[in-house]
Amino acid sequence: MYRHGREEIEAVTKVLANGQWFRYGDAAAGHLGEAARFEREYAEAMRSPHVGMVSSGTAALMCCYAGLALGPGDEVIIPGYTWIASALAPLHHGVIPVIVDIDESLTLDPAAVERAITPRTRAINPVHMNGLACDMDALREIASRRGLVLIEDACQADGGRWTGAERLGALGEMGAYSFNFYKMISCGDGGAFAARSREHYERALMFHDGGCIFRPHAKELGIEFFCGINLRGNEILAAILRVQLARLDAILDDLHRVRRRVLAVIRSEGLELVPLRGSDATGTASHLGVRFAHADDAAGFCRSLPTLSGGTASAHRPIDSGRHVYRNWEPVMAQRGAYAQAADPFHHPANATALPAYHPDMLPRTLDLLARTALIALHPDQEDATADALGAAIAASARQPAHA
Ligand SMILES: Cc1ncc(COP(=O)(O)O)c(C=O)c1O
């Protein structure tokens with residue numbers, strides 16, 4: 001999805017030449033490096049008071065759990081359609097993921113969340129899959145009524161808007177972003193966490209940098225030191241990300257433009273589309289979802305679209321994406337939470353009272369929705385004519401009789 005060019009090469013060359021590659025290297029001299037600058041700029045762009053750059057989206061999620069001081073005895077509610085990191089990050093802190101249904105938007109179903117709350121629930125983890133925003137109003141309402149925190153996963157929705165003033169990832173207590181290979185903006189592998197409160201930010205900052213106690217900024221921290229780990233970003237990656245961030249709005253505008261054109265072409269077809277949440281959340285939707293009455297129809301659509309578009313378009317059923325479907329997270333399903341039983345949250349005494357029972361068929365509604373949906377890839381670089389042709393191919397493919 002991300003765009004790149006000469007500017008990234010120049011930015012990296014500058015950092016390579018100055019030899020200052022470690023983000024905290026020059027901090028004592030009061031030098032504001034690339035990582036610190038990126039954090040400021042990203043915080044401003046995401047409308048978040050505090051942002052920390054880290055090595056991946058998974059690292060960012062782990063920082064959220066650390067920032068919120070969650071651990072053994074706590075549960076987090078996650079959707080059954082997401083990347084496995086949604087389960088891995090809490091498990092690495094001893095927190096048990098409770099996996100629940102998505103709704104027709106392909107994101108966390110607020111009613112399923114409500115039903116899954118137990119006395120141990122501490123957090124809800126909405127995931128904006130494919131850039132499709134979760135129902136954040138409903139989830140915020142549940143969280144505030146039930147005294148829970150929101151850990152918002154915007155790893156597939158960098159820069160997405162919720163309302164005019166609010167950005168995805170910055171709506172909950174903490175949020176996570178990814179800059180890996182598949183994302184809106186990228187540095188190969190990278191991530192960022194966002195925090196609303198200074199306390200959560202400081203804990204995440206300390207966790208992500210095991211050397212924090214030795215940094216010049218340590219004396220400014222208002223929390224007690226604890227043992228963190230190394231999930232740091234560096235100056236080279238940050239230099240790339242600063243350039244990438246400058247490209248983000250144009251990418252989202254173009255994605256929005258392509259979606260609008262496709263929608264205009266297919267408007268009269270009477271297709272059931274995967275609904276979008278939020279007043280202006282369409283900007284990050286990287287796929288257009290079409291829902292069919294039967295799983296076979298969705299599969300047939302995905303087969304015929306490439307042919308009918310002359311090889312320019314592709315679609316997949318999310319059930320076939322494999323890795324994003326809870327039942328394929330083998331170590332999670334088997335409740336093997338670590339390399340050794342002594343380190344395994346599923347065997348931690350604090351989690352002994354009521355472990356959730358995982359089973360491959362435990363979320364039939366999720367499996368049904370994923371099987372009856374076709375996700376058509378949109379790309380910001382598609383010209384208007386290509387987007388119109390995509391719309392026409394979608395219409396033609398959906399009209400194909402009985403996809404068996
Ligand atoms: C929804 C979601 N959450 C978390 C992650 C983890 O991000 P990363 O690969 O940067 O660790 C990903 C990565 O693809 C993702 O799609």
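Student: Is F225 buried or exposed, and why?
Tutor: This is a predicted model, to start with. In it, F225 counts as exposed because F225 has 10 C-beta neighbours inside 10 Å, and the cut-off for exposed is 12 or fewer.
Student: Where does F225 sit?
Tutor: F225 is in the loop between α7 (198-208) and α8.
Student: What does F225 touch, apart from its sequence neighbours?
Tutor: Leaving aside residues within four places in sequence, F225 is in contact with M206 and I213.
Student: OK, V262 next. Where is that one, and is V262 buried or exposed?
Tutor: V262 belongs to helix α8. V262 is buried, because 25 other C-beta atoms lie within 10 Å and 20 or more is enough for that label.
Student: Which residues does V262 touch?
Tutor: Not counting residues up to four places away in sequence, V262 touches L288, A387, L390, G391 and I394.
Student: And how far is V262 from D296?
Tutor: Their C-alpha atoms are separated by 24 Å, and the two residues are 34 apart along the chain.
Student: Back to helix α8. At what angle does α8 pack with α12?
Tutor: Helix α8 (residues 235-266) and helix α12 (residues 384-399) pack at about 40 degrees, and their axes are 8 Å apart. That angle is why α8 is called oblique to α12. The crossing is right-handed.
Student: Which residues make the contact?
Tutor: On the α8 side they are V258, R261, V262, V265 and I266. On the α12 side they are D384, A387, D388, L390, G391, A392, I394 and A395. By type, the contact has nine nonpolar residues, one polar and three charged.
Student: What about α3 and α7, at what angle do they cross?
Tutor: The axes of helix α3 (residues 57-67) and α7 cross at roughly 125 degrees and come within 8 Å. So α3 and α7 are oblique to each other. The crossing of α3 and α7 is right-handed.
Student: Which residues meet there?
Tutor: From α3 there are A59, C63, C64, A66 and G67, and these meet H200, Y201, R203, A204, F207 and H208 of α7. Seven of the contact residues are nonpolar, three are polar and one is charged.
Student: Now strands. How many residues of β1 are buried?
Tutor: Five of five, in a strand that runs over residues 50-54.
Student: Which residues are on which side of β1?
Tutor: H50, G52 and V54 are on one side, V51 and M53 are on the other, and both faces are covered. In a regular strand, side chains alternate between the two faces of the sheet.
Student: What does β1 pair with?
Tutor: β1 pairs with strand β7 (residues 191-195) in the antiparallel sense, over five bridges. H50 has A195 of β7 as its bridge partner.
Student: Last topic, the sheet with β8 in it. What is the strand order?
Tutor: The order is β8-β9-β11-β10, in an open sheet of four strands with antiparallel pairing. Its edge strands are β8 (272-273) and β10 (315-316), each pairing on one side only.
Student: How many bridges join β10 to β11?
Tutor: Two, and the pairing of β10 with strand β11 (residues 373-377) is antiparallel. A315 stands opposite I376 of β11.

How values were computed. Residues numbered from 1 in each chain as written. Predicted model: local features only at pLDDT ≥ 70, side-chain atom pairs only at ≥ 80, totals over all residues. Pairing = 2+ DSSP bridges. Axes fitted to C-alpha atoms, helices over the stretch in contact; angles between N-to-C directions. Parallel < 35°, antiparallel > 145°, perpendicular 65-115°, else oblique. Left-handed = near helix turned anticlockwise from the far one by under 90°. Contact = placed C-beta atoms within 7 Å. Nonpolar A, V, L, I, M, F, W, Y, C, P; charged D, E, K, R; others polar.
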